[in-house]
Amino acid sequence: MSDILEVASLAVDIPLAAGVLHPVQGVSFSIGRGETLCLVGESGCGKSLTALAIMDLLPRTAIRTADTLTLNGEDILNAGEGRMSDLRGNAMAMIFQEPMTSLNPAYTIGNQLEEALLRHRRVSRRDARDRAVMLLEKVGITAAASRLRQYPHQLSGGLRQRVMIAMSLMCGPALIIADEPTTALDVTIQAQILLLLAELQKEFHMGLLLITHDLGVVARVADRVVVMYAGQIVETGTAEQVFAAPRHPYTQGLLECIPIPGKTRRGANLGAIPGMVPTLIGDIQGCRFRERCTFAMPACAADVSFRPAEARDHVYRCLLTPAECADNFHRKVPA
Amino acid sequence: MSGLIVEIRDVHQTFRISAGTFRGTRPLRAVNGVSLAIEQGEVLGLVGESGCGKTTLARMMLGLLEPTAGSILVKGRPIQEFDRLEIARLLQPIFQDPYSSLNPRKSVGAIITLPLRVQNDPRPETWRQRVEEIMTLVGLQRRLYNSYPNQLSGGQRQRVAIARALINRPQVVICDEPTSALDVSVQSQILNLLQDLRRELGLTYVLISHNLAVVEHMATRVAVMYLGRIVEAADTDSLFKSPRHPYTQALLQSVLTPDPLLGVPDAQLGAAYPNPLEPPSGCTFHPRCPHAMPHCSAVPPRSVPTAAGHVECHLHDDAQGRQRLAS
């Protein structure tokens with residue numbers, strides 16, 4: 001399978017007065033056509049910065065390094081700002097979390113939709129308009145033609161997020177990066193938007209990088225899952241592998257934390273991950289999770305590399321063997 | 001269970017919304033005839049989409065908003081007869097966002113002491129000790145007494161908010177989305193803490209949340225709100241095992257459990273949430289309902305008692321509805 005996006009050893013460093021912050025370190029993954037990869041982790045784990053680094057939208061002070069960063073085989077690590085502007089919104093598009101703040105309140109929906117196409121393609125205004133109407137209908141917006149004249153404040157949150165999705169599709173991108181696209185929405189709308197994204201992705205055969213902290217969302221839409229903790233990947237595998245047989249103690253801890261109707265016993269205590277995320281300023285040695293890990297041992301203070309789990313393509317960053325990890329994971333089931 | 005602690009009788013809350021310059025106002029019925037009884041020791045889950053009136057109902061229970069119509073009884077007495085301090089001793093809120101619900105210029109100690117000060121507590125010499133006791137109870141180290149909110153993590157801030165709510169030993173705590181702003185690992189700590197405190201102090205909770213997995217885990221009884229009305233109420237087991245109202249069914253279907261084999265559910269709630277300024281006629285849910293019948297758009301449904309609570313839906317009322325259900 002030819003990969004749309006290839007990322008190898010991506011790192012982001014931000015110099016601060018107190019030292020250098022390492023919010024992303026050694027992140028590697030690839031996304032194929034029609035594949036959905038979910039980046040999951042808690043706030044501050046570096047998942048959004050990873051997305052911004054790929055789009056080259058990091059804050060000015062941040063320093064991005066990588067061994068490989070290619071889009072459709074083209075090196076985008078060393079591409080200039082001009083080339084990146086050509087690619088953004090064209091070959092790769094981004095959907096942000098807050099549909100309230102990512103649409104411009106002073107322009108109509110139509111204006112904002114057509115802009116991407118007019119910027120990147122030689123098309124007439126009429127053609128751009130037609131495509132905007134077509135895509136608005138595709139994302140399930142009724143009376144699409146009249147919506148083009150409306151302003152963002154006239155739409156509900158769910159509708160705005162649909163507009164954002166339509167906007168990302170205007171140029172037929174190969175890759176869509178969606179950063180928490182449903183977090184601000186109601187559960188019923190969330191399901192609709194996720195369903196829509198999945199359908200569109202199949203139809204247009206795009207790669208989808210979905211960033212979320214919601215394990216339920218990950219399990220339902222992901223082909224592959226990348227779990228991040230404190231700037232590093234701690235586990236990667238298919239959704240089935242990671243959810244049925246999580247191997248890293250952090251992934252296991254996350255899954256034990258969430259109440260699951262029918263699985264966790266009502267009112268019983270949920271699992272907890274004690275402690276806090278370590279500071280990422282300065283040189284960090286060893287497993288970043290060791291201070292919160294129940295199974296930490298002295299050897300964890302040295303750098304820990306990935307090891308394969310039982311299944312193919314399933315790797316995790318821990319010293320424990322797959323069998324030992326399997327023994328440690330017991331999600332509480334009703335007695 | 002022993003006795004009612006809060007009783008809500010056919011409560012309405014209507015806001016007047018400006019319709020534009022010189023056009024007067026239009027009514028927005030945020031809460032439209034809600035009756036609910038909260039028993040001592042229970043955890044009542046209140047669920048529904050944003051804008052359905054959950055928070056307005058909570059504000060009325062706290063005495064922060066006077067109902068437009070209907071009455072709220074606290075321990076058998078109308079809420080208007082209580083003065084504000086009395087209500088605050090009985091009912092306390094915990095809000096969603098611990099970043100904005102704590103005064104950034106006050107220390108943790110001052111924040112938790114404030115309710116004692118407001119209540120003119122007669123023994124100021126015991127305040128410090130009582131604050132430290134409650135801090136220990138909610139899992140805050142005593143050394144944080146002089147810290148400020150910006151020095152704390154999200155989980156710690158929510159613990160401060162909980163300590164502040166509990167310092168006067170209220171009987172009912174109204175938790176409005178207590179964990180929505182928190183990470184999952186912190187959410188589980190706060191939920192565990194709320195459970196422990198309930199057992200230890202014999203508290204009653206009203207838990208407002210859009211996260212149905214959290215509600216299922218915590219609540220003993222659940223009320224589902226839609227456009228200002230409670231469309232179904234039942235004990236948690238019955239509601240999750242056999243939801244009756246089509247809206248409850250759709251909500252439950254939308255819960256994304258971490259099961260990779262299931263895929264994204266299609267709740268089939270085609271139309272968007274209606275504009276509360278122009279609520280649909282008859283049953284307000286009918287434009288989104290997959291089982292809507294002709295008379296659903298004309299006649300508002302009655303409240304039908306069920307084995308475990310009540311439901312407002314024509315499907316469970318008349319013969320026509322039952323026939324439709326069976327087919």
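Let's start with B:V206. Leaving out residues up to four places away in sequence, B:V206 touches B:I38, B:L44, B:L46, B:A58, B:M61, B:V172, B:I174 and B:C175. Contact here means C-beta atoms, placed from the backbone, within 7 Å.

A word on the source. This is a predicted model, where local features need pLDDT of at least 70, side-chain atom pairs count only at pLDDT 80 or more, and totals for chains, interfaces and linings use all residues. Residues are numbered from 1 along each chain as its sequence is written, with chains lettered from A and ligands numbered from 1 in the order in which they are written.

Now the core. The largest nonpolar core has 185 residues. Such a core is a set of buried Ala, Val, Leu, Ile, Met, Phe, Trp, Tyr and Cys residues joined through C-beta atoms within 7 Å. Buried means 20 or more other C-beta atoms within 10 Å of the residue's own; 12 or fewer is exposed, and in between is partly exposed. B:V206 is among the residues with the most contacts inside this core, and so are B:M61, B:V224 and A:L175. Helix α6 of chain A, residues 157-169, gives the largest share, seven residues. Helices (H or I, at least four residues) and strands (E, at least two) are DSSP runs, numbered from the N terminus.

Next, the chain B sheet. It is open, with eight strands in the order β6-β7-β8-β3-β9-β10-β12-β11, and the pairing is mixed. Strands pair if DSSP finds at least two bridges between them. β6 and β11 of chain B stand at the edges with a single partner strand each, so one side of each has no neighbour in the sheet. Inside the sheet, β3(B) and β9(B) run parallel, joined by four bridges. B:V47 stands opposite B:V224 in β9(B).

Over in chain A, β7(A) and β8(A) also run parallel, with four bridges. A:M92 stands opposite A:L175. From β7(A), A:M92 and A:M94 point one way, A:A93 and A:I95 the other, and all are buried.

How do the chains meet? In chain B, 36 residues are in contact with 40 residues of chain A. On the chain B side, α6(B) gives the largest share, seven residues. That side divides into 18 nonpolar, 13 polar and five charged residues. Ala, Val, Leu, Ile, Met, Phe, Trp, Tyr, Cys and Pro count as nonpolar, Asp, Glu, Lys and Arg as charged, and the others, Gly among them, as polar.

Last, B:R157, in helix α5 of chain B. Buried or exposed? B:R157 counts as buried, because 24 C-beta neighbours lie inside 10 Å.

Terms used: Two residues are in contact if their C-beta atoms, placed from the backbone, lie within 7 Å.
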